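Subject: Structure handover

Hello,

Here is the structure I said I would pass on. Please open it first, then read my notes below.

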Amino acid sequence: MSTSPKKVVVIGAGPVGSLAALYFSHANWEVELYELRGDLRLPENLSLNFSKSINLALSDRGIDGLRNVGDNEVLLKKVLEETIPMHGRMIHSGKPSDKGMSQGYDVHGRFIRSADRWKLNVQILDALAERGNVKMIFNHGLRKMDLDAGEVEFENTKTKESVTVHTDLVVGADGAHSATRRLLQKNVQMYYEQTYIDTLWQEYHIPPHPITGDFQLSPNHLHIWPKQTYMFIAIPSADKTFTCTLFMSPSLFAGLGKSREKHLAFFKKNFEDVIPLVGEDALFDQFMRNPRLPLISVKCDPYHYKDRAIIIGDAAHAMVPFYGQGMNAGLEDVRVLFDHLALHPGDLAAALASYSKHRRPDSHCINDLAMRNYIEMRASVTSRAYLARKWVEEMLYAYIPWLGVRTMYSMVSFSSLRYSEVVERVRRQKLWMDTIAGGVVLAGVLGVGFVGLRGKTGVVGTARAV
Ligand code: FAD
């Protein structure tokens with residue numbers, strides 16, 4: 001059994017690494033947080049691409065992660081103040097005459113929130129800056145680790161000097177292309193799977209209305225223009241703008257080349273109502289200027305090495321963004337990790353091992369669900385079968401809640417049920433709903449036969465109510 005360690009080195013000051021540093025600080029560890037890039041909070045870094053605002057959907061799991069640190073939920077309150085509620089999806093056909101079809105997320109009125117990633121990250125860094133036991137070291141990239149010796153080497157990206165630090169524990173939260181994960185693989189026989197999907201994402205921007213200065217679309221929806229194999233989405237920001245993303249295959253992007261005409265024709269055909277919202281010139285300018293970025297999905301197992309290191313957040317389970325859960329799952333990792341530290345006081349090796357074992361099925365599940373939700377968002381949301389099933393599940397949840405039926409989306413976004421438990425519940429729910437639906441169809445068929453038979457004998461109508 002190891003003695004209680006005192007020092008932790010957290011690698012990566014994104015939302016997940018910063019939150020982990022804050023939890024360790026409140027648990028009275030000596031914390032050093034190392035970040036490859038500059039301090040997000042400094043004005044000179046605002047122009048850098050990485051600090052540019054992107055909006056993320058924040059839901060219950062992320063909120064729980066933020067709630068469980070410090071006193072009186074101060075951090076959580078500050079974060080929530082800056083978010084915008086999104087009560088449902090607004091599905092657009094793209095035709096200028098169409099105002100969109102609203103699909104609520106939850107029959108009991110629960111909602112997700114649009115959060116500015118940069119602001120949220122800054123709020124956590126600000127909370128860390130108030131802690132006496134935290135050092136934040138920017139412009140330092142992880143280079144080497146000797147975990148058994150407790151040594152970690154960083155390179156100062158400005159001076160190119162190397163810096164070696166000693167620590168009891170390393171927490172790798174350095175994102176999808178994690179150097180911690182790569183170095184950990186030297187110590188651990190890690191199962192590792194990485195997929196790039198055949199889709200790139202590119203950002204567009206809808207400004208406030210030029211005359212009223214107000215939002216140009218409903219601010220309380222996540223707007224989707226589903227087109228079967230690609231889609232456009234828009235998420236509101238506090239400054240009354242929308243951050244939009246076009247998700248599309250590299251070949252379709254390539255087909256548009258650098259041609260203004262082709263690009264405009266593509267928008268006219270698919271998202272005509274978006275053109276006046278962005279402006280024709282701005283639309284093409286953004287198409288030419290903004291980068292097209294890939295989407296990676298990473299699964300691995302285990303996440304730890306002895307009592308020495310653990311990876312969390314995107315470093316452990318980068319996922320495609322279609323369930324809006326990447327950051328939420330990462331913030332939840334931190335809460336779950338501390339649950340396991342509390343379960344094994346004074347035995348860090350046991351705590352890390354039980355975290356790894358517990359978290360693997362959940363992380364792998366949400367990676368798979370995120371992949372599947374791409375199809376739901378770009379295609380199924382308009383299908384009759386999807387809408388009918390959603391309606392039945394919602395009615396049962398609204399009027400017979402003791403049955404326990406809920407949509408998968410509601411359980412993923414509005415609960416902290418384990419992702420693997422959500423999948424299992426949905427499987428059982430589908431089984432008995434299909435059995436009932438089959439029974440209803442069968443009864444209908446038999447009923448029609450019954451009506452037909454009885455009709456001949458003059459007793460018509462009784463079976464019609466089936
Ligand atoms: P990151 O945010 O990647 O942070 C990692 C940090 O580590 C960075 O600051 C990086 O500079 C630093 N770093 C990297 N290498 C090193 C090194 N060698 N040494 C030191 N530091 C290093 N999630 C949601 O929950 N909801 C959404 O709606 C949502 N939408 C998304 C939309 C898009 C288009 C994309 C691409 C992602 C979306 N996500 C969403 C996912 C979300 O952005 C990530 O899951 C989240 O940012 C992961 O946080 P992280 O702290 O684990 O990693």
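This is a predicted model: local features need pLDDT of at least 70, side-chain atom pairs count only at pLDDT 80 or more; totals for chains, interfaces and linings use all residues.

Strand β13 (residues 191-206) is joined to β16 by seven bridges, and the two run antiparallel.

The hairpin of β15 and β16 has five residues between the strands, and in it Lys-240 takes a positive phi near 70°. Six of the seven residues of β16 (residues 242-248) are buried, so the strand is largely enclosed by the rest of the structure.

β15 (residues 231-236) also pairs with β14 (residues 221-226), through four bridges and in antiparallel fashion. His-223 has Ala-234 of β15 as its bridge partner.

These strands belong to an open sheet of seven, ordered β6-β5-β14-β15-β16-β13-β17, with mixed pairing. β6 (101-104) and β17 (292-301) are the edge strands; each has a single partner, so one side of each lacks a neighbour in the sheet. From one strand to the next, the twist averages 30°.

Next, the ligand. The shell around it holds 30 residues, and the closest are Gly-12, Gly-14, Gly-175, Gly-313 and Gly-326. α11 supplies the largest share, four residues. By type, the shell has 14 nonpolar, twelve polar and four charged residues.

Now the core. In soluble globular proteins, nonpolar side chains tend to be buried together. In this model, the largest nonpolar core has 108 residues. Val-10, Ala-20, Val-171 and Ile-312 have the most contacts inside it. Helix α12 (residues 348-378) gives the most to this core, nine residues.

Which residues does Val-10 contact, leaving aside its neighbours within four places in sequence? They are Gly-17, Ala-20, Ala-21, Val-31, Leu-33, Val-171 and Ala-173.

Last, the overall numbers. The chain has 15 helices and 19 strands. Of its 466 residues, 37% count as buried. Among contacts between residues at least 6 apart in sequence, 68% join residues at least 24 apart.

Best wishes

Technical notes:
Residues are numbered from 1 along each chain as its sequence is written. A residue is near a molecule or strand if its C-beta atom, placed from the backbone, lies within 6 Å of it. Ala, Val, Leu, Ile, Met, Phe, Trp, Tyr, Cys and Pro count as nonpolar, Asp, Glu, Lys and Arg as charged, and the others, Gly among them, as polar. A nonpolar core is a set of buried Ala, Val, Leu, Ile, Met, Phe, Trp, Tyr and Cys residues joined through C-beta atoms within 7 Å. A residue is buried if 20 or more other C-beta atoms lie within 10 Å of its own, exposed if 12 or fewer, and partly exposed in between; C-beta atoms are placed from the backbone. Two residues are in contact if their C-beta atoms, placed from the backbone, lie within 7 Å. Two strands pair if DSSP finds at least two bridges between them. Axes are lines fitted to C-alpha atoms, for helices over the stretch in contact, and angles run from 0 to 180 degrees between N-to-C directions.
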